[in-house]
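Please keep the sequence and the structure in view while reading.

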Amino acid sequence: MTPQRRERTRFRRYRPAVAAAAVAVASATLATGPGFAAGAGAARVTGPPAPAPATAVPAPVTAVPAPATGVPAPTTPVPAPTTAVPTPTTSVPASAAPLPTPTPAADAPAVGTPARATPPAFGAFLDSGPLGVARMAQLSSWLGGTELKVAHTYLPGNRWADIEGAPGFLDVWAHWRREKADRTLVLNVPMQERNEEGIGDDEVRSLLRQGAAGAFDHHFRALAQRLVDLRVPDTVIVLGWEMNGITYTHRCGPDPEAWKTYWRRIVTTMRAVPGQKFRFDFTSSRGRDAVPWTQCYPGDDTVDIIGMDSYDQPSGLSFDQQVREPYGLQEHVDFAKAHGKPVSYPEWGLFRNGDNAEYMRRMLAWMDQHKPLYNTLTDYCPHGVWQCSVNPRSAHVYREALFGRTDTTTPTPATPRPTPTPTPSASPTPSATPSATPTSSCTSMELGAWIEYWLGGKLCFSLD
C-alpha cells in the first residue's frame with residue numbers, strides 16, 4: 001500500500017503541579033465542558049487515596065479549539081516539527097477534544113433482547129491524560145453498560161524524560177488498572193526522543209546503531225522500574241509502533257538490522273527489572289508502507305503479541321482489499337499463527353473513506369473471527385464514532401454490536417423504546433447515560449476516588 005501518512009496527536013504535555021492548582025484547572029475544565037457541571041455539593045476528600053508510589057500530579061490541560069480539517073497524529077507533546085519534512089497533517093489533539101455531550105450518536109438497540117456473549121477485550125483511545133480514564137466510564141454508559149477492559153495511552157516522544165514515564169503521567173492509568181484484576185493497560189512507548197521531529201534517515205540510522213549498542217538502555221530501565229513501582233508490571237508495551245512507515249524517528253527502514261537489535265536490547269533491559277511481567281507488542285501499520293513490516297520482526301523470543309494498526313484507507317480500498325493486500329490483514333493473522341503469537345489491533349478506525357458503516361461492520365466481524373488479545377478503537381475525528389459526530393452510520397453499527405454485552409443471557413433491563421436507524425445526514429453526538437441518582441442540577445458518575453480527588457469532586461452531567 002502506498003504509504004499513508006497520518007498525524008494523530010494523542011496528548012499535550014502534562015507538568016507536575018501542586019494539588020491545589022491541579023484541582024482548580026480540572027474543575028474549571030469540567031465546569032465549562034458541554035453538558036457537564038461540577039458535582040453539586042460533592043464532598044472533597046481531605047487527601048487522595050494512596051496510589052503507590054506517591055508522585056507529583058500533572059495539571060490537566062484545558063480544551064483547545066480543534067482545527068477545521070486534517071487527520072490526527074500519534075503521541076507527541078512537542079511543538080511543531082523543527083525540520084521541514086512531509087509530515088502528517090494535524091488535526092484535533094485528543095487532549096483538546098471536548099467532553100461529549102449527553103446526546104446519543106445512535107439510538108440504543110432494542111431493549112429486552114438477550115445480552116450477547118462477552119466481547120473480546122476491547123477499549124478505545126479517548127485521551128492520553130486523566131480525561132482518557134474518565135471518558136472510559138462515559139463510553140461504557142453509551143454502550144449500555146458494556147465494560148471496557150482495556151485502557152490505552154501513549155508516552156510522549158519529545159525527550160527521554162517523557163519516555164521514562166514522567167512523574168504523574170501514568171498514575172491515573174495505573175490506578176484504573178489496579179481496580180480490577182481482569183483489566184489491561186496498553187502503553188505505546190517510543191524508541192527514540194524527538195520522535196516526530198522529521199529526523200532524516202542518516203541520523204535515524206546513527207541513532208538506531210547507538211541504541212543497538214546499548215546507549216539508551218538506562219531510559220528503558222527507568223520506565224520499567226516506574227511501571228513496577230506503580231504496581232502495573234503486566235502492562236502491554238507497544239514498542240516502536242508503525243516502524244514500517246516514515247513518520248517516526250523510531251522507524252525501521254534506514255537500518256532494519258540495527259532496529260531489530262535495538263528492540264531486543266530494550267526488551268531484555270526491561271525484562272531484567274525485578275517484578276516485571278510485561279508483554280511486548282510488535283505493531284506495524286497495515287500494508288507494505290515504506291518497508292515490509294516482516295523485515296523488522298525482531299524474533300519470537302522478544303515478541304509476545306503481533307499487532308497491526310489498521311485504518312480505513314487509502315480512499316477507495318475495499319475491506320476485502322485490505323484483507324488481501326500484501327502485508328495486509330490476512331498476512332498479519334497468518335504470520336502471527338506461524339509464530340505462535342496472539343494478534344492485536346491497538347489502533348483502528350475510520351479514515352479516508354468517511355462514514356463507512358461497511359468497514360465498521362466488517363472490521364468488527366474480523367475481530368470476532370480472529371479473536372485478538374485486545375483491540376482499541378481510535379475514538380476521535382475522523383477515526384471514531386463516540387466522540388465524532390460526523391460518522392453516525394458507523395456509530396450505529398459499533399454501538400449495536402457492543403451494546404449491553406455481558407457474560408449473561410439476561411435481557412437488558414430498561415424501558416423499551418424505538419430504535420430508528422440514523423440516516424447519513426444525521427449528526428448525533430456521543431452520549432454518556434448516567435447511572436447515578438440525579439441531584440437537583442446534575443447526575444454524577446462514579447469514576448473512582450483517585451480521579452475524583454484530582455478533578456475536585458465528582459464528574460456529573462448537567463440536566464438543564
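Cysteine 381 and cysteine 388 are joined in a disulfide, with their sulfur atoms 1.9 Å apart. The model is a predicted one, and the structure holds two disulfides. The protein chain has twelve helices and 13 strands, and buried residues make up 57% of its 464 residues.

**The disulfide of cysteine 381 and cysteine 388**

- The torsion about the S-S bond of this pair is about 110°, and the disulfide is therefore right-handed.
- Cysteine 388, by contrast, counts as buried, because its relative accessibility is 1%.

**The disulfide of cysteine 252 and cysteine 296**

- Cysteine 252 is joined to cysteine 296 by a disulfide with an S to S distance of 2.3 Å, and the link is left-handed, with -100° about the S-S bond.
- This pair links distant parts of the chain, 44 residues apart: cysteine 252 sits in the loop between strand S7 (236-239) and helix H7 (256-271), while cysteine 296 sits in the loop between S8 and strand S9 (305-311).
- Cysteine 252 is buried, with a relative accessible area of 0%, and cysteine 296 likewise counts as buried, at 0% relative accessibility.

- Once the neighbours within four places in sequence are left aside, aspartate 217 is in contact with Gly211, Arg265 and Thr269.
- The C-alpha atoms of aspartate 217 and valine 267 are separated by 9.6 Å, although the two residues are 50 residues apart along the chain.
- Across the protein chain, 82% of the contacts with a separation of 6 or more are between residues 24 or more positions apart.

**Cavities**

- Rolling a probe the size of a water molecule over the atoms shows where empty space is left.
- The structure holds six cavities of 30 Å³ or more, and the largest cavity contains about 110 Å³ of space.
- Twelve residues line the largest cavity, and those that lie nearest its centre are Pro120, Leu364, Asp368, Asn375 and Leu402.
- Helix H10 (357-370) and helix H11 (392-402) each supply at least two residues of this lining.
- By residue class, the lining of the largest cavity divides into nine nonpolar, one polar and two charged residues.

**Confidence of the prediction**

- The mean pLDDT of the protein chain is 75, with 62% of its residues reaching 70 or more.
- Among the elements of the chain, strand S8 (residues 279-285) has the highest mean pLDDT, at 99, whereas strand S2 (residues 36-38) has the lowest, at 27.
- Over residues 1-105 the pLDDT is below 50, and the model gives this stretch 289 contacts beyond near neighbours in sequence.
- Over residues 408-443 the pLDDT also stays under 50, and for this stretch the model has 91 contacts beyond four places in sequence.
- Where pLDDT is low, the predicted coordinates should not be read in detail.

Notes. Residues are numbered from 1 along each chain as its sequence is written. This is a predicted model: local features need pLDDT of at least 70, side-chain atom pairs count only at pLDDT 80 or more; totals for chains, interfaces and linings use all residues. Side-chain values use heavy atoms; hydrogens and water are left out. pLDDT is the predictor's confidence in each residue, from 0 to 100. Helices (H or I, at least four residues) and strands (E, at least two) are DSSP runs, numbered from the N terminus. Contact means heavy atoms within 4.5 Å. On a 1 Å grid over the protein atoms alone, a cavity is a set of points where a 1.4 Å probe fits but cannot get out, and a pocket is an open set with protein on both sides within 12 Å along at least five of seven lines; lining residues have an atom within 4 Å of a point. Grid points are joined across faces, edges and corners, and a volume is the space filled by probe spheres set on the points. Ala, Val, Leu, Ile, Met, Phe, Trp, Tyr, Cys and Pro count as nonpolar, Asp, Glu, Lys and Arg as charged, and the others, Gly among them, as polar. A disulfide is a pair of cysteine sulfur atoms within 2.5 Å. Buried means under 20% relative accessible area, exposed over 50%, partly exposed in between (1.4 Å probe, protein chains only).
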